[in-house]
Amino acid sequence: MIEARALTKYFDDFHAVETVSLSVPAGRVLALLGPNGAGKTTTVRMLTSILKPTSGTAIVAGYDVVRQPEGVRANVGILTEHHGLYLRSTGREYLDFFGELYGVAANVRRQRIGELLDRFGMAEAAGRRTSEYSKGMRQKLALIRSMLHDPPVLLLDEPTSAMDPQSAKLVRDAIADLRTDNRAIILCTHNLPEAEALADTIAIIRKGRIIASGTTDDLKDQLLGPALMELRFAAPVDGVAQTLSDVATIVEQGADWVRYCAASPETANPLILSRLARDGVSVFTLAEAPRSLEAVYLRAVEEDESALRS
């Protein structure tokens, strides 16, 4: 649904985006992570045919972003940082206007507007002017606008920014539902837990370049090393290292806990638990030690910085 190959954009001598390649099939969400100025917005603008690439290619919903811009724009829903709301119109008037621009028939858009307003808890505010809306309400209205024409591709820039927790959950749930509708979604966000919860794949962009990409688990293995298992005991225990020595490698340990890695945890873990039970050791918990997306992000940036210095 989205295929970008070596997308590059220069503004005079400034390299905003350099050889960015992305692939998002239908039914998938890709989270594009990076600091302000990393190239996220420029990439999205090229994918929506707002900016012409300096070089590279991109096909969105079957349309070439350079040769077929009208086809791209008709099949993409976009939520940007600047919403462009018409503050004198009511929420319903604003949505009806954009639904007409999208070419949605009057009866269809009335039904769709009503459904989306209900879905995002905005029905009661639909008759008020958008100038009276809070930041979070304006964000939800702009998101509804991006979905009016039922596009197969959604490009969402910080969709839950400025929202209260309840509204943010509504939006996250909606994004999760939309993924099952065979849409391709690119989510630009600084919210790492949100990216980890919603995205199938992650791409980290820095200084206009993709410095790491893959599934969350793949990136954790690649950048943080193999998964660690954590055993916690009901009381301090001695001699655990000897019990585990032939099936696992101890990485860290304390009086009542130990972290280890094993080539095959599905084989090693039952064996370890059996040995501990034989020795009368009470195990409180056995779980994979947490490895956060934040740690992945920071390690990717650290390695990229080191590579640039060398």
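Which residue in S13 is the bridge partner of Glu 252? The partner is Arg 259.

This is a predicted model, in which local features need pLDDT of at least 70, side-chain atom pairs count only at pLDDT 80 or more, and totals for chains, interfaces and linings use all residues. Residues are numbered from 1 along each chain as its sequence is written, and side-chain values use heavy atoms, with hydrogens and water left out.

**Overall picture**

The protein has eleven helices and 14 strands. Both are DSSP runs, numbered from the N terminus: helices are H or I with at least four residues, strands are E with at least two. The C-alpha trace spans about 75 × 50 × 30 Å along its principal axes. Of the 310 residues, 45% count as buried (under 20% relative accessible area; exposed is over 50%, partly exposed in between; 1.4 Å probe, protein chains only). Take contacts (heavy atoms within 4.5 Å) between residues at least 6 apart in sequence: 67% join residues at least 24 apart.

The protein exposes about 15,600 Å², and carbon and sulfur atoms supply 49% of that area. Accessible areas come from the Shrake-Rupley method with a 1.4 Å probe. There are 35 positive and 40 negative side chains, and the centres of the two sets lie 6 Å apart. Lys and Arg count as positive, Asp and Glu as negative; His and the chain ends are not counted. Each charge is placed at NZ of Lys, CZ of Arg, CG of Asp or CD of Glu.

**The four-stranded sheet**

Four strands form an open antiparallel sheet in the order S12-S13-S11-S14. S12 (249-253) and S14 (283-288) are the edge strands, each pairing on one side only. Neighbouring strands are turned by 25 degrees against each other on average, direction ignored. Two strands pair if DSSP finds at least two bridges between them.

| Strand pair | Sense | Bridges |
|---|---|---|
| S12 and S13 | antiparallel | four bridges |
| S11 and S13 | antiparallel | four bridges |
| S11 and S14 | antiparallel | five bridges |

Helix H10 (residues 265-278) packs on this sheet. H10 touches S11, S13 and S14, and its direction makes about 15 degrees with that of S11. Axes are lines fitted to C-alpha atoms, for helices over the stretch in contact; angles run from 0 to 180 degrees between N-to-C directions.

S11 covers residues 229-233. Four of its five residues are buried, so S11 is largely enclosed by the rest of the structure. Met 229 stands opposite Tyr 260 in S13. Phe 233 stands opposite Val 283 in S14.
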